[in-house]
Amino acid sequence: MDYVSALVPPVVMAAFFIALVRTIVKSQGGANKAKEDAAVDAVIARAAGARQQK
């Protein structure tokens with residue numbers, strides 16, 4: 001039974017990692033892409049504005 005307790009943590013971590021990658025891949029593009037691009041553009045513009053004020 002030691003082999004089961006040794007294998008459970010890596011298997012659980014692998015399952016969570018696969019779920020994370022699938023979520024990231026599914027969230028790319030589509031209707032969310034425009035919102036994400038707008039949010040990134042706003043952050044970049046805010047950073048550039050703060051840099052120019054200094």
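Student: In which helix is V11 found?
Tutor: This is a predicted model, in which local features need pLDDT of at least 70, side-chain atom pairs count only at pLDDT 80 or more, and totals for chains, interfaces and linings use all residues. Residues are numbered from 1 along each chain as its sequence is written, and side-chain values use heavy atoms, with hydrogens and water left out. Helices are DSSP runs of H or I with at least four residues, and strands are runs of E with at least two, numbered from the N terminus. By that rule V11 belongs to the run of residues 2–27, which is helix 1.

Student: Is V11 buried or exposed?
Tutor: Buried means under 20% relative accessible area, exposed means over 50%, and partly exposed lies in between, with a 1.4 Å probe and protein chains only. V11 has a relative accessible area of 55%, and therefore V11 counts as exposed.

Student: Which residues make the nonpolar surface patch of about 860 Å²?
Tutor: Like charges are joined within 9 Å, and nonpolar side chains (Val, Leu, Ile, Met, Phe, Trp, Tyr) within 5 Å. Accessible areas come from the Shrake-Rupley method with a 1.4 Å probe, and for residues only the protein chains shown count as cover. The patch is made by M1, Y3, V4, L7, V8, V11, V12 and F16.

Student: Where does M1 lie, and what is its relative accessible area?
Tutor: M1 lies in the segment before helix 1. M1 counts as exposed because its relative accessible area is 75%.

Student: How many Å separate the C-alpha atoms of G49 and N32?
Tutor: G49 has its place in helix 2, which covers residues 31–53, and G49 is partly exposed, with a relative accessible area of 26%. G49 and N32 are 17 residues apart along the chain, and their C-alpha atoms are separated by 26 Å.

Student: What is the radius of gyration of the protein chain?
Tutor: The radius is taken over C-alpha atoms, and the globule rule is 2.2 Å times the number of residues to the power 0.38. The C-alpha trace spans about 65 × 30 × 5 Å along its principal axes. A compact globule of 54 residues would have a radius of gyration near 10 Å, whereas the protein chain has 20 Å.

Technical notes
Patches are made of residues with over 30% relative accessible area and no salt bridge: like charges are joined within 9 Å, nonpolar side chains (Val, Leu, Ile, Met, Phe, Trp, Tyr) within 5 Å. A salt bridge is a side-chain nitrogen of Lys or Arg within 4 Å of a carboxyl oxygen of Asp or Glu.
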